[in-house]
Amino acid sequence: MLGIKRLGLLAALVLVGVAPAVAAQAAAQPSSQDTQYLQAIHQVNLFEITAGDLAQQKAQNQGVKDLGAMFKTDHTQLDQTVQQIASQLNVELPNEPSADQQAVIERLNNASGAEFDREWVTSELAGHVQAIQATQTEISQGSEQSVVQLAQNALPTLQAHYDELVRLANQLGIPVPQASASGTPNPGGGSSTAPGGPTQSPAPSGGITESPEPGSGTTERPAPSGS
């Protein structure tokens, strides 16, 4: 009987020790917001790397070629961090761009000359508006510090890319798309309601954009700054 009692006490002590560990592991799981952002920004990076290659191969305008090279380098570096954080948090990342992003890549593959340049700049403007909005949402609504920090570090680069695209669009006479009041496209293409409500597209070169925060009315966000 004494042996049985000791075994029972040992089992109880083991359970007491295991319970906090299980609770800590559960608490470490990223939120759906953090998970979705990691997956979305990874797909943005995959798209940008491919689009950057296409720009260097097919663009007629040197500015498009140069931006393509810069975007590929920056998004390759960003994705290394994304993959590291996702691995640490056990978040499974998609292995290819989204269906909408792949549709854009197909259009780029089928375009050439000035048509390619216009298609590339237009799709990149839309994609960077969407990526900036998703990143701002993660900064305001994310709960996992490593993912929020990733978003904070990524935002200036995305904003700088957007400013460069606006300058190039103006030079080429390409309209700069604006986000609609009813919703905004997902990063890289497609359309869905933006997390946290409608958000206006970033204003280039030091302007101010507004994005309604959940339950707090309208707040001002700093606009993209060029670099």
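Reader: Before we start, what counts as a helix or a strand here?

Author: Helices (H or I, at least four residues) and strands (E, at least two) are DSSP runs, numbered from the N terminus. Read that way, the protein chain runs α-α-α-α-α-α-β-β along the sequence. That makes six helices and two strands.

Reader: And what am I looking at, where do the numbers come from?

Author: This is a predicted model, where local features need pLDDT of at least 70 and side-chain atom pairs count only at pLDDT 80 or more, while totals for chains, interfaces and linings use all residues. Residues are numbered from 1 along each chain as its sequence is written, and side-chain values use heavy atoms, with hydrogens and water left out.

Reader: OK, how much of the chain is buried?

Author: Of its 227 residues, 40% count as buried. Buried is under 20% relative accessible area, exposed is over 50%, and partly exposed is in between (1.4 Å probe, protein chains only). The accessible surface of the protein chain is about 11400 Å², and 54% of that belongs to carbon and sulfur atoms. Those areas come from the Shrake-Rupley method with a 1.4 Å probe.

Reader: Let's go inside. Which residues touch the most others in the largest nonpolar core?

Author: That core has 42 residues, and Tyr37, Leu38, Val64, Phe116, Trp120 and Val121 touch the most other members. A nonpolar core is a set of buried Ala, Val, Leu, Ile, Met, Phe, Trp, Tyr and Cys residues joined through side-chain atoms within 4.5 Å. At least two residues each come from α2 (32-58), α3, α4 (99-110), α5 and α6 (145-172). Helix α6 gives the largest share, eleven residues. In soluble globular proteins, nonpolar side chains tend to be buried together.

Reader: Phe71, buried or exposed?

Author: Phe71 is buried, at 0% relative accessibility. Trp120 is buried too, with a relative accessible area of 0%.

Reader: Switching to α4. Which of its residues are buried?

Author: They are Gln101, Val104, Ile105 and Leu108. Down the axis of α4 these fall within an arc of 100°, so they line one face of the helix; the arc is taken from the directions from the axis to the C-beta atoms. On the other side, Ala99, Glu106 and Asn110 are exposed.

Reader: What covers the buried residues of α4?

Author: The cover includes α2 and α5. In α2 there is Phe47, which touches Pro97, Gln101, Val104, Ile105 and Glu124, not counting residues up to four places away in sequence. Phe47 is buried, with a relative accessible area of 1%. Phe47 and Gln102 are 55 residues apart in sequence, with 7.7 Å between their C-alpha atoms.

Reader: Now the loops. Where is Asn90?

Author: Asn90 lies in the loop between α3 and α4. Asn90 has a positive phi of about 60° although it is not a glycine, and counts as exposed at 66% relative accessibility.

Reader: And Ser143, what is it in contact with?

Author: Ser143, in the loop between α5 and α6, contacts Ser31, Asp34 and Val148, leaving aside neighbours within four places in sequence. Ser143 and Asp34 are 109 residues apart in sequence and 6.9 Å apart, C-alpha to C-alpha. Ser143 counts as exposed, at 57% relative accessibility.

Reader: Last one: what does Asn61 touch?

Author: Asn61 touches Asp117, Leu168 and Leu172, not counting residues up to four places away in sequence. Asn61 is in the loop between α2 and α3 and is partly exposed, at 22% relative accessibility.

How values were computed: Contact = heavy atoms within 4.5 Å.
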